[in-house]
Structure formats: C-alpha cells, structure tokens
Amino acid sequence: MKRIFSGVQPTGNLHLGNYLGAIRNWVRLQDEYECIFCIVDMHAITLWQDPKELTRNIREVTAGMIAAGVDPAKHIVFNQSMVPAHAQLAWIFNCVARMGWLNRMTQFKDKAGKHKENASVGLFAYPNLMSADILTYKATHVPVGEDQKQHLELARDTAQKFNNDFGVEFFPLPEPIIPPEAARIMSLRDGAKKMSKSDESDYSRINMTDDADTIALKIRKAKTDLEPLPATLEGLEGRPEASNLLGIYAALSGKEKIQVVTQFEGKQFSDFKKELVDLAVSVLGPINTEMKRLMTDTNHIDAVLRSGAERADAIAAPIIREVYDIVGFLRP
Ligand code: TYM
C-alpha cells in the first residue's frame, strides 16, 4: 500500500514556497495515495512561539490546506500534539539515531545560528521527531520541498538502523516526492536565499493570506537585474532573481520553464511582472477568499482536526504497540 505522510509547521503565514513546493503537490497526490497531512505544532515549539499565536496559526494553516484543496473527509488532517505516538516514537529514535548524523543537519546549523549552545535540545533533535512522524504510520512516500531532503535521508537511515538493531523488517524506507518545477522557491529580495516564514522582510515572500494589492506590490518590488529576459535557459545562469521569477511563473501556470522563457524572450521585467501579478492573483485569490471564510468558523476547523487525530491515532497506536514489543518494553 502506498501511504503518504507530510507536514507543515504552524509558525507563521503559509507562503508561496509552502504552496508550490508542498501543499499543491499534496492536493495532486490525493487521488493516488492514502494521505496523512499534519500540522506539526510540536516541531513549531523548537523555537519560541507565543501560545495564543500558535493556536491561531494551527487553525490558519489548517484553513490554508483545506482552501488549497486538501480533502479532510477523504484523507487525514490533524495537528501533531493530539496523537501521542509522535512523541513516543521520537524518544525511541533519539536512542537509535547517532549524534554524528544530527550534527550534519544543515537546517539545524541555519536555525541555531552562531549561538548553538543557546539552541533548544528540541531544535537539535527535531529530525528524529520528523522521522517518527513519518514512520509511526509506516508511510512510504513523503511529498516535500527540496529543503527537507536531508531530513528524509536521516529518516531512512534511522528506519534502517532500527530494523538492523532489532533484526526485523519493520519500518519501510520512505521515499521523498519533490516537485521538480518548484523544489525551491527563492526569496523575492535575494535569489540566493530560500523563501521562508522566518525571513524578517515580508517583501521576501508572498503569503497565502496576502490580498491582490499586496501580491502586486511585492512582485513589483521583487529584486531583478537590468537585462531584458533571455531567450534560453542558459541565459538565466548567474541571474538567480530572474530565474526564480520565471520559475514561479512556470509553477503557477503549470508550464515548463523553457516554455515561459520562450514566451517572455526579450521582454522587460516591468512587462513580465504585470503578467506574473495577474497569474499569481488568479491562482491565490480564490484560495485566500476560501481561507478567510473557513477562519470565520473555528469550531468547524477544530472538529476537522479532532476527527483527523482520531483516525491518525487508530493507525499509529497499534504500530507503536508493536514497536514497544520489538524494543522489549512491557506495556499497559
Ligand atoms: P516547513 O513548515 O518549513 O515547510 C512545509 C513544506 O513546504 C516546503 N517549503 C518549500 N518548498 C519550496 N520552496 C520553498 N521556499 C519552501 N519553503 C518550504 C517544505 O519543504 C515542506 O515540504 N520539517 C518540515 C515539517 C515536517 C515534515 C514532517 C514534513 C515535520 N514532520 C514529516 C514531511 C514529513 C518543515 O519544517 O516544513
């Protein structure tokens, strides 16, 4: 059976990178796979979160996923902290994965910054919780953006080591599914940096909550260079901002990047940006409207999450019982 697990952190606004790199792909995969989509609130608190904002963000991210087309009736949508299996398996993986493996994780280095001694232990152990998220459902496929590839490799190594240590064929080795056209959407202010919720400049990203005027303003202000648009993909080399904007256009329109390059060959950025604004607003506008509508009924959102958590727990709890037996724990 092919089962998908994927997650998103409720640490702020969902942005275009989350949408094109992950959530849109989830929507597409729903027909083919059994899917479990998780709002990973326990991951979020590896960095300080204001409790009221965290609660709000959990609901807003849920609304964003549903507005984008995730179907919580057919598939499972829930928040991580409601299902105890994640924390239970994460602890066991803390004892299986090696310090050296976690020391190599580039995301920890980026997020901890210069003061590693001050980072939370949770931030360091974060990838083990992520492995537990996936493997507590024995998920076989994980649709993510490219920035999560290293964590997925760690999940595979951990699954393999668990199987070897205990002499079992228990956990599958999960495969990433990374959308080639939107693997890494870059910041609108700096083509060398990933678009991210944590960038201090709001002009660096398009949020799923942005209205049409804000989207237009951010695209107009997006960094570019002085040359007109090139005729070939090679012509984009050394032009990261141009490459990113054309890539966003391609991902939003469902075209190949080369088709978009041909479409805008020789054009000025000002002309191209107008078309990009129209396209972005036409794709994101309806999602934004639906998200706002869903946020007016938080009881409904909470009910979706509780129902999802019950269904998730029904899959995860028996797997954890088996894991406890394999490890040798006596259980209640
Ligand atoms: P998070 O919350 O940072 O991002 C959610 C998803 O969005 C993708 N993404 C991007 N894709 C393309 N371009 C970008 N600029 C961009 N920014 C973010 C991410 O790759 C991700 O797919 N650790 C994960 C959450 C997580 C998870 C899991 C994912 C926890 N447990 C288990 C899969 C399976 C994270 O922080 O994603």
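The legends below describe close-up views of a predicted model of a protein chain with a ligand.

**View 1. The two domains of the protein chain.** The domain assignment divides the chain into domain 1, which is made of residues 3-178 together with 297-327, and domain 2, which covers residues 202-293. Between the C-alpha centres of domain 1 and domain 2 the distance is 30 Å. Where the two domains are in contact, 13 residues take part from domain 1 and 14 residues from domain 2.

**View 2. The area buried between domain 1 and domain 2.** The size of an interface is often given as the accessible area lost when the parts come together. For domain 1 and domain 2 this buried area is about 1,200 Å², and carbon and sulfur atoms give 72% of it. On the side of domain 1, the residues that lose the most area to domain 2 are L16, Y19 and A67, which together account for 39% of what that side buries.

**View 3. The side of domain 1 that touches domain 2.** Helix α1, residues 16-29, and helix α3, residues 51-68, each supply at least two residues to this side of domain 1. The element that gives the most is α3, with five residues. When the residues of this side of domain 1 are sorted by type, seven are nonpolar, three are polar and three are charged.

View 4. In the case of I185, a polar backbone atom lies 2.8 Å from a nitrogen atom of the ligand. A polar backbone atom of M195 is likewise found 3.0 Å from a nitrogen atom of the ligand.

**View 5. S243 and its contacts.** The residue S243 belongs to helix α10, which runs over residues 240-253. If the neighbours within four places in sequence are left aside, S243 is in contact with L236 and K257. With K257 there is also a polar contact between side chains, in which the side chain of S243 and that of K257 are joined at 2.8 Å.

Definitions and conventions:
Residues numbered from 1 in each chain as written. Predicted model: local features only at pLDDT ≥ 70, side-chain atom pairs only at ≥ 80, totals over all residues. Heavy atoms only, no water. Domains from an automatic or database assignment. Contact = heavy atoms within 4.5 Å. Buried area = accessible area lost by both parts, 1.4 Å probe. Helix = DSSP H or I, 4+ residues; strand = E, 2+ residues; numbered from the N terminus. Nonpolar A, V, L, I, M, F, W, Y, C, P; charged D, E, K, R; others polar. Polar contact = N/O pair within 3.5 Å; in protein donor to acceptor, adjacent residues only side chain to side chain.
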